Amino acid sequence: MGQAISTVLKSGQRRPGSVYWVVGLAAVGWVIAYSSIQSLADWLAYSALGLARGSHLGEALAFFLYDVPKILLLLSGMIFAISIVRTFFSPERTRAMLGGKRQGVGNALAALLGIVTPFCSCSAVPLFIGFVESGVPLGVTFSFLIAAPTINEVAVVMLYGLFGWRVAGLYIASGLTIAIIAGIVIGRLRMERYVEDFVWQRQVTASGLEEHLTWPDRFQRAWDSVKEIVGKVWLYVMIGIGVGAAIHGYVPESALAGIMGKQAWWSVPAAVLLGIPLYSNAAGVIPVVSALMEKGASLGTVLAFMMSVVGLSLPEMIILRRVLKPQLIAVFIGVIAVAIVITGYVFNLVV
Amino acid sequence: MVKIKVLGSGCANCKRLEALVSKVVAAHNIQAEIEKVTDYNEIMKWPILSTPGLVINDKLVSSGRIPNEAELTTWLTGAASQR
């Protein structure tokens, strides 16, 4: 099917009308597939394989057969939609919008733009240099650099699929808050001298490419990123859901309330520490924490863990070391870690 | 001779772009010289904010994404026929 869509998208550049038909039909097919997963999974586990309802294996398998197609469908559909939105944004445009913005307003705008601007942490260095040299304040640049990887589409879609819109919304809101506050703190600390000197000595380069995209171009780009992202995470999703399914079927209810529940005060900082070295497996981590929560782990602890996994990543820190002196890296990690721990406690208290 | 530069510090997307460029160059028998630019100071001489970047005959044609094969073919065969 993927090949067929690619072919039609290509021919659509000659006959634009047909592209809208294909996208429309794919959307209808998506809705039909999405709404029939539950009955199909139940039928497979309980009728076709003849497992008893309520048995450990039956529960675990039904959970797996339901969640894997559901998450993969959700990811494909949502990434397509998000990628279309992203074709209207670019790092260049974001930089132009942030230039000369004051603290506060600038931090909030940077965090919001961090969600919709296409960004990969491997581009953190050119982006950092480009922002700072063109006059975007350091704290505002950091708000962007924190929000962009933390509120990423895979994490948000998986939270929505496994926890519902309320948790996904809380995650986005707390990610934004952390990015804004951490950026303001770093700006106030006047950390400019801890940026490597060569960054300030560079000649400012003129802005880059301005592209004019048609709708078929946008669909093509969005489809390309669906293939790329889903191709990269599907295995982690399956492994994560597999482990989650085993926990769902075999671990007794509230077994984890003692170590990951609200009563254990140390569980939030422990979750943040544990999350720092885990990075590329965000897609695999979410199904596991979802199953843990069902067994008594609290929401604040789970969200803190999630944010630490995606927001504080060792690879990104190593990349950023090229432009930041160690003191600033330490402040960067420290400020975000503290902000995440506070968020975790707040959720454990409130929810 | 088409001069191609792939700008990127060695991330996965930069490697994929380089492989795709080589593939298109080979498929269309284009006389080309492909250079990988991995040093940030060199990369940042071009006006890009995100990698990978692609430069054909000293002109920046894309940044922050992997162009698809059709786009690459158009650019590279176009550049080859100009010489």
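Residues are numbered from 1 along each chain as its sequence is written, chains are lettered from A and ligands numbered from 1 in the order in which they are written. Local features need pLDDT of at least 70 and side-chain atom pairs count only at pLDDT 80 or more, while totals for chains, interfaces and linings use all residues.

Chain A contains 18 helices and zero strands. Helices (H or I, at least four residues) and strands (E, at least two) are DSSP runs, numbered from the N terminus. Of the 351 residues in chain A, 44% are buried. A residue is buried if 20 or more other C-beta atoms lie within 10 Å of its own, exposed if 12 or fewer, and partly exposed in between, with C-beta atoms placed from the backbone. Among contacts in chain A with a separation of 6 or more, 85% join residues 24 or more positions apart. Two residues are in contact if their C-beta atoms, placed from the backbone, lie within 7 Å.

Confidence is given as pLDDT, the predictor's value for each residue, from 0 to 100. The mean pLDDT of chain A is 83, and 90% of its residues reach 70 or more. Among the elements of chain A, helix α1 (residues 2-12) has the lowest mean, 53. Where pLDDT is low, the predicted coordinates should not be read in detail. Helix α6 (residues 105-116) of chain A has the highest mean, 92. α6(A) has 12 residues and reaches 17 Å from its first C-alpha to its last. The expected span is 16 Å at 1.5 Å a residue, taken as 1.5 Å times one less than the number of residues. Buried residues of α6(A) include A:G106, A:N107, A:L113 and A:I115. Their cover includes α5, α8 (138-150) and α10 (165-188) of chain A.

The contact between the chains takes 21 residues from chain A and 16 residues from chain B. On the side of chain A, α5 (91-98) and α7 (124-133) each supply at least two residues. α7(A) gives the most, with five residues. The side of chain A that touches chain B divides into 10 nonpolar, five polar and six charged residues. Ala, Val, Leu, Ile, Met, Phe, Trp, Tyr, Cys and Pro count as nonpolar, Asp, Glu, Lys and Arg as charged, and the others, Gly among them, as polar.

In chain B, four strands form an open sheet in the order β2-β1-β3-β4, with mixed pairing. Two strands pair if DSSP finds at least two bridges between them. The edge strands are β2 and β4 of chain B. The twist averages 20 degrees from one strand to the next. Strand β1 (residues 2-7) of chain B pairs with β2(B) in the parallel sense over six bridges. B:K5 stands opposite B:E35 in β2(B). α1(B) packs on the sheet, touching β1, β2 and β3 of chain B. Its direction makes about 160 degrees with that of β1(B). Axes are lines fitted to C-alpha atoms, for helices over the stretch in contact, and angles run from 0 to 180 degrees between N-to-C directions.

Some backbone geometry in chain B stands out. Most residues other than glycine have a negative phi, and most peptide bonds are trans. B:N29 has a positive phi of about 50 degrees. B:N29 lies in the loop between α1 and β2 (32-37) of chain B. B:N57 has a positive phi of about 45 degrees and is found in the loop between β3 and β4 (59-63) of chain B. B:N29 is exposed, because 9 other C-beta atoms lie within 10 Å. B:N57 counts as partly exposed, with 16 C-beta neighbours inside 10 Å. A cis peptide bond joins B:T51 and B:P52, with omega about 0 degrees.
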